Amino acid sequence: MNDALRQETERLQRTWMTRDPAHLDSYLVSGPEDPRLNLQSLFSRHFLLRQLAGKVWDDLMSRECRFAAAMNWLTECARTEGDTEALAAVRHALEQDSDNAEGILVPTFLRRIFRQLPGDVCGLPVPNYITEFLEHTAFVSGKPILPYAGIDTFARLWQQALAREPAKPSATRLKVLEPACGSANDFRALHAFGIADRIDYTGFDLCETNIANARRLFPETRFQVGNIFEIPAPDREFDLCFMHDIFEHLSLAGLERALEEVCRVTRLGLCVGFFNLDDIPAHIERPYEEYHWNTLSVEQIRKAFLKRGFACRIRNVGAFLQEELGCEQTHNPNACTFLLWRPK
Ligand SMILES: C[S@@+](CC[C@H](N)C(=O)[O-])C[C@H]1O[C@@H](n2cnc3c(N)ncnc32)[C@H](O)[C@@H]1O
């Protein structure tokens, strides 16, 4: 690593190490970032699940995307309306298949999903999680307390689905790397959904506080302090690699180095979640305090992966929601996931 990257590493360490352990433990696992409902977290789980079981669970995956879109709309509605009467009105409108809940516009996509509930998928019963949400969300000082039974619907369904697949012996499991894993933010869902037991997972993060949090939650799992600029692993050591929300926080030189490193250690495929990507010709570097908050160019990122031998499919979350589900609401129009494969 050269001096510039060494200095950047020190600045990144200072940035993340000054944060409170309790804040690091919770800030990326709630609200729109809740990995049970965040579309980019779903995409990375589905990326792993396709490797584990091929296309067998594709219907369950597409139902889960609808579930997430519905729950995100409902959560936002509960947050903005702030009381049980509004949720009761939405429930009544859905039951009447009406788009008007006493002035709240009930979107077509939600009504369509509601009509299909309860239902079943891949032989698994899907409960009416929308009614569950509307009936059981409570409010404290106008803030919604979400019903966990409803939000965990797909954690239970995936547990049941995976229980049907024989588990591979640990020595033959896919080796999966997650750089910048935070406080096991996405791993919590991998664990709750029954996926963690099926893979050989390693997570690393530059911030020791995050790794201490992760180890406290999952003492049996391999969480290490590590730097994406210098991953201590041989070439193609991991079958798969997934990560979220790291590249925009690096200098452009750091970005190049990090891309090089994650491609170097990955044998088959990567799933990379970005939070600030745009259709612009070149990256915009924006130093912020001791780190960065860059806007990255979709085309430049695509070329960077192509140069390193990976073909890609690009999924903008907003476009996916609109085109696949007819859902207009997205919490971040710049959120985009790259699904990347080494061509056979
Ligand atoms: C925005 S957070 C994302 C955390 C997690 N991936 C998620 O999406 O919930 C960025 C993470 O990158 C980590 N990080 C920053 N620079 C890093 C580096 N050079 N190597 C490894 N991790 C780094 C930070 O400590 C922080 O946990």
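Me: What makes residues of domain 1 and domain 2 count as in contact, and how many are there on each side?
Reply: Two residues are in contact if their C-beta atoms, placed from the backbone, lie within 7 Å. Nine residues of domain 1 meet that cut-off with ten residues of domain 2. This is a predicted model: local features need pLDDT of at least 70, side-chain atom pairs count only at pLDDT 80 or more, and totals for chains, interfaces and linings use all residues. Residues are numbered from 1 along each chain as its sequence is written.

Me: Which helix gives the largest share of domain 1's side?
Reply: Helix H14 (residues 317–325), with three residues. Helices (H or I, at least four residues) and strands (E, at least two) are DSSP runs, numbered from the N terminus.

Me: Where do the two domains run?
Reply: Domain 1 covers 3–28 + 166–341, and domain 2 covers 64–157. These bounds come from an automatic or database domain assignment. Their C-alpha centres lie 30 Å apart.

Me: What makes it a nonpolar core, and which members touch the most others?
Reply: Such a core is a set of buried Ala, Val, Leu, Ile, Met, Phe, Trp, Tyr and Cys residues joined through C-beta atoms within 7 Å. Buried means 20 or more other C-beta atoms within 10 Å of a residue's own; exposed means 12 or fewer, and partly exposed is in between. The core has 86 residues, and Ala-70, Ile-130 and Cys-241 touch the most other members. Leaving aside neighbours within four places in sequence, Ile-130 contacts residues including Ala-70, Leu-74 and Phe-114.

Me: What makes a residue count as near the ligand, and which come nearest?
Reply: Its C-beta atom, placed from the backbone, must lie within 6 Å. There are 21 residues around the ligand, and Ala-180, Gly-182, Asn-185, Cys-207 and His-244 come nearest. Helix H1 gives the most to this shell, three residues.
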